[in-house]
Amino acid sequence: MGILSNDLSALSSKNKSFLADNRRLFIGGQWVEATSGQTFPVYDPSSGLEITRAQSASPADVDRAVAAARQAYDVGPWSKTSPAERERLLWRLSDLLEKHADDLAQLESLDNGKPLAHARAIDLPLSINFLRYIAGFATKIHGRTFDLSVPYAPAARFSAYTRKEPVGVVGAIIPWNMPLLMAVWKLGPALAAGCTIILKPASDTPLTALRIGELVAEAGFPEGVVNIITGSGGMVGAAMVNHPSIDKIAFTGSTAVGKSIGRQSANTMKRISLELGGKSPVIVLDDADLNVTVPGVLLGIFANCGQVCAAGSRLYVQKSIYEPLMAALEQAAKSIKVGPGLDLATEMGPMVSATQRRTVAEYIASGLDEGAELVAGGRALEADGYYIEPTIFSNTNHAMRIVQEEIFGPVLSAQPFNDEEEAIKLANHSPFGLASSIYSTNNNRIQRLTPAIKAGTVWVNCHNIFDPALPFGGYKESGIGREMGEEVMNMYTEVKSVCMAYG
């Protein structure tokens, strides 16, 4: 099956101009070149062709960004900016995202490979809505008051209260699967809390993060409040994690890297929030409505080409409906249109890189070697880009790598179960605990299963549904802390107790 590459002539004039100018680092409100003088190529996943180049930052550039962020935080003007002004600036940034939504959606699709229709309908609205939601918390950060009872000073009187203060300078490291959304998930709460930030996008997908840098400047944020640097995780990310003047690391990515960040951050006692990997179970009970279940399961695993930390990659189906559901999923998977991101007819785009396609292909091969039954897909498609067919395995078991390990690709492993007790046991048989879903029309069964599943999110009769107000994060090895919701603000603030004797 041959696939055409992206038609770059369809890009807006703004995006053509953006790509024609090799991208620089955004430090202290200025666009600067890396001290190394080196750049790296940025590729279009739909064609495998180089489309622009970005700067290869070094630890010296991290030092520059930290100095700018510390100046803005320690001396000002950001530390002297009122909560209402922080709120206004975040709203202004959201307005600019909305104004340039079409260009940003194109750029996100070109950078990551995701279908343009999905970037327009999902990534941009979620990003805009999240910034507007989180902006309101800038004026709603507050402490509490206390009446103290001190047994060793019974006659004394005290006034006591708590303050919530910004954690300081934040180093944010984001992944390549949803570059724009992940950027605002870090920027929004950090800025609302009054922190300054250094944002490092993934090397595979730096473009929308750098475009946000332009919009940050246009919105009027003071110099040094937001800094955006590009480069390798091994060099730039490590320099950020180990930098003594960065107060907090906010990371989204693999569990293996998250564990490493946790160990390194302990050296300077940095605050950390880690949104890590998943191997999310999908439980389908025998009373499920298959008209709801089939599209829900497909969205859960094939959205963004399976490159979603919460992807519903482990499917457990009650035996009595296993065969009919698998037949329906096979037919539906084979009808998914795979193609270049900028093609509006595309339903699933390419993998983000040649490396990721090779990784997924190796997992598919391991599934076949270990005896899984291939129901649909399983091939890398003939194309210049990085395409893999939507793939479904049946009759898998927990000894298989495709069931145990996070693939981060369009690969679903399915197996039947007998009863609810077995379904819970299978669902929890994983070191991960990020998300899950249940398909059933029986509320009593849903209420029994929901608290039994060890995961940060349980979707019911749906999957991959996100809202700015709904906290997102994992149990077990899926991370520390929460993104979104009111809870995210706890990740960017410190609590200070104040006790005053009087009278």
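1. Just after helix H10, Asn-304 takes a positive phi of about 55 degrees. The model is predicted, so to speak of local features pLDDT of at least 70 is needed, side-chain atom pairs count only at pLDDT 80 or more, and totals for chains, interfaces and linings use all residues. Residues are numbered from 1 along each chain as its sequence is written, and side-chain values use heavy atoms, with hydrogens and water left out.2. At its start, a side-chain oxygen of Asp-289 reaches to within 2.9 Å of the backbone nitrogen of Asn-291.

2. Among the buried residues of H10 are Val-294, Leu-298 and Phe-302, where buried means under 20% relative accessible area, exposed over 50% and partly exposed in between, with a 1.4 Å probe and protein chains only. What covers the buried residues of H10 includes strand E13 (314-318) and helix H11 (319-334).

3. The structure holds eight aromatic pairs, that is, rings of Phe, Tyr and Trp (its six-membered ring) with centres within 6.5 Å, called stacked under 30 degrees between planes, edge-to-face over 60 and tilted for the rest. The rings of Trp-185 and Phe-472 have centres 6.0 Å apart and planes at 55 degrees, so this pair is tilted. Trp-185 belongs to helix H6 (residues 179-193) and Phe-472 to the loop between strands E19 (457-460) and E20 (475-476), so the pair ties together parts that are 287 residues apart in sequence.

How values were computed. Helix = DSSP H or I, 4+ residues; strand = E, 2+ residues; numbered from the N terminus. Contact = heavy atoms within 4.5 Å. Polar contact = N/O pair within 3.5 Å; in protein donor to acceptor, adjacent residues only side chain to side chain.
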